[in-house]
Amino acid sequence: ETGFDATLGYGGHTKAMMECLHGEGHMYATDVDPEESAKTKKRLEEQGFGEGILTIKLQNFCTIDEIAKEAGGFDFILADLGVSSMQIDNPKRGFSFRADGPLDLRLNQQKGISAAERLDQISREELAGMLYENSDEPYCEEHCEEIAKAITDEIRKGNRIDSTTKLRTVIENTLDFLPEKEKKDTIRKTCQRVFQALRIDVNQEFEVLYEFMEKLPDALKPGGRVAILTFHSGEDKL
């Protein structure tokens, strides 16, 4: 059988599926992160999964139509949406509010603009809308107007929000009025959702997923099957 892992990441799913192929057939996998996909390719090669059974492409999974054409269609497809732990654990990537680092949030740092650059040019209304649409969380929906105002006011004063710590501090200050017993938990959840909303925006995750979904039926062989793992209602609704 021929399979496609739309989100290679650390390669755990890809490896498990290749093991099910017992050395026959072929796996294709995509990832937009040049740094992490190179490490994963090397790791899988060392475990005996080389180019004879695995083709890794450094491109977005919404190009599934091109890859399906090359592969002759797929018997099975997996997409594990969102961001991988390797990216979250690397402070230089700016995915986590828990560690100080540049506010980047791009899956591929060689393309597009960083989250900090996005905030430089966004209006208060647009930011509030983005937080509302992409946050998937009542805490953030409740406070997205206030947070959007605080962020854009800070930038207008000439204080760039270009690090994860600066963004977290703005959120903490905005929610400082909350009662002590619920403050800590609400701030943590709001930080998670604000970072998620920004990440979805700078990587155009919903647009990419929509394009992938539209192309899916034509990429499947008759009787083929697809599994998609989602982590929040924005993905799930799509």
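This is a predicted model: local features need pLDDT of at least 70, side-chain atom pairs count only at pLDDT 80 or more; totals for chains, interfaces and linings use all residues.

Student: Why is Cys62 called buried?
Tutor: Buried means under 20% relative accessible area. Cys62 has 10%, so the label applies. Cys144 is buried too, with a relative accessible area of 4%.

Student: Why is Asp75 called buried?
Tutor: Its relative accessible area is 13%, and that falls under 20%, so Asp75 counts as buried. Asp75 belongs to strand S4, residues 74-80.

Student: Which residues is Asp75 in contact with, leaving aside neighbours within four places in sequence?
Tutor: They are Glu1, Thr2, Lys221, Gly224 and Arg225. With Lys221, the side chain of Asp75 also makes a polar contact of 3.5 Å.

Student: What makes Met213 partly exposed?
Tutor: Partly exposed lies between the buried cut-off of 20% and the exposed cut-off of 50%. Met213 has 31% relative accessibility, so it counts as partly exposed. Met213 is in helix H10, which spans residues 205-219.

Student: Which nonpolar patch on the surface does Met213 form with other residues?
Tutor: Met213 forms it with Val226 and Ile228, and together they have about 190 Å² of accessible area. Patch members need over 30% relative accessible area; Met213 has 31%, so it passes that cut-off.

Note on methods. Residues are numbered from 1 along each chain as its sequence is written. Side-chain values use heavy atoms; hydrogens and water are left out. Helices (H or I, at least four residues) and strands (E, at least two) are DSSP runs, numbered from the N terminus. Buried means under 20% relative accessible area, exposed over 50%, partly exposed in between (1.4 Å probe, protein chains only). Contact means heavy atoms within 4.5 Å. A polar contact is a pair of N or O atoms within 3.5 Å; within protein, one must be able to donate a hydrogen and the other to accept it, and residues adjacent in sequence count only if both atoms are side-chain atoms. Patches are made of residues with over 30% relative accessible area and no salt bridge: like charges are joined within 9 Å, nonpolar side chains (Val, Leu, Ile, Met, Phe, Trp, Tyr) within 5 Å. Accessible areas come from the Shrake-Rupley method with a 1.4 Å probe; for residues, only the protein chains shown count as cover. A salt bridge is a side-chain nitrogen of Lys or Arg within 4 Å of a carboxyl oxygen of Asp or Glu.
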